[in-house]
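Okay, thanks for making time, everyone. Let me put it on the screen.

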Amino acid sequence: MKALIIGGSGFLGTELVQQARAAGHTTAATYATKPGDPSQALWYSLDLRDQERLDAVMAEVSPDVVVNTSSGGADWAVTAEGPARLARAAAKHGSRLVQVSSDAVFSGARVTYDETCLPDPVTPYGAAKAAAETAVLAVYPQAAVVRTSLIIGHGRSVHEHVVYDLAAGTRDGCLFTDDVRCPVDVSDLAAALLELAVRDDAHGVHHLAGADAVSRHELGVLIAQRDGLDASRLPAGLRADSDLPGALDVRLDSRATQRKIRTTLRGARQFLTTKG
């Protein structure tokens, strides 16, 4: 199988490239600013706003599957419109497409969300991700849209670095006790994405998040305990008392997707009990 990982130099993309290569897949990947390990993949510079360049990469790689892990934050042209361009290119080339989305598409009004729930975003980033979902499935109904949550692993995630900085006293702020998500281990997520990528029947919306709902503060404590840090140094607070936009409590129900795949989506209380 030929796999093309869009955003392959990012945190999730790097893990996907490594796992695809280890599984024996011919692997290519794209980057925005700097390529990843040349021993793991063939690397291509790509800006998803550039349809001509996208078509050229797709034609050269001719992938069987494409997994889009890239994100331009709240930049509409990248995060919303880019996946639509990618869906058109994948449909044209007959490539399977997996579009990685986010729990940010939900407001938190109903707390727990399964794959049947419609997006109701409350932030520009969430709105862009929701628009990407709609566009991808409209352009290419055979594509898979995969919503996930906070991605943790190997000490390299944004969330882990925040914990390290807070514990060291080099960062201001706190970890919220009322901001709840279902964190997922990056290795579990990558393995599950690759499983879905090779399944012809894996189209439509899927959820891939961890089994445990934890607050940002509890997540920080688990990370600190795993890595031998003083968890008592992690300041706690309430997001409801801040002016930060976004949902408070969003829990992705991944049970329907879990029944379709072999990879176990472990909860944070499990995958953060050992260092790594």
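**A first look at the fold**

So, what we have here is a protein chain with ten helices and 15 strands. Keep in mind that this is a predicted model.

Let's talk about overall size. The C-alpha trace of the protein chain spans about 55 × 40 × 35 Å along its principal axes. How does the radius of gyration of the protein chain sit next to that of a compact globule? For 276 residues you'd expect a value near 19 Å, and the protein chain has 18 Å, so the two agree.

Of the 276 residues in the protein chain, 53% are buried.

What about contacts along the sequence? Take the ones between residues at least 6 apart: 76% of them join residues at least 24 apart.

On to charges. The protein chain carries 28 positive and 33 negative ones, and their mean positions are 3 Å apart.

Last stop, the aromatics. How many aromatic pairs does a search of the whole structure find? Two. One of them is Phe 106 with Tyr 113, and that pair is stacked, with 4.0 Å centre to centre and 15° between the planes. Are these two residues buried or exposed? Phe 106 has 1% relative accessibility, so it counts as buried. Tyr 113 has a relative accessible area of 2%, so Tyr 113 is buried too. The cut-off there is under 20%.

Definitions and conventions. Residues numbered from 1 in each chain as written. Predicted model: local features only at pLDDT ≥ 70, side-chain atom pairs only at ≥ 80, totals over all residues. Heavy atoms only, no water. Helix = DSSP H or I, 4+ residues; strand = E, 2+ residues; numbered from the N terminus. Rg over C-alpha atoms; globule rule 2.2 N^0.38 Å. Buried < 20%, exposed > 50% of the residue type's maximum accessible area, 1.4 Å probe, protein only. Contact = heavy atoms within 4.5 Å. Lys, Arg positive; Asp, Glu negative; His and termini not counted. Charge placed at Lys NZ, Arg CZ, Asp CG, Glu CD. Phe/Tyr/Trp six-rings, centres within 6.5 Å; stacked < 30°, edge-to-face > 60°.
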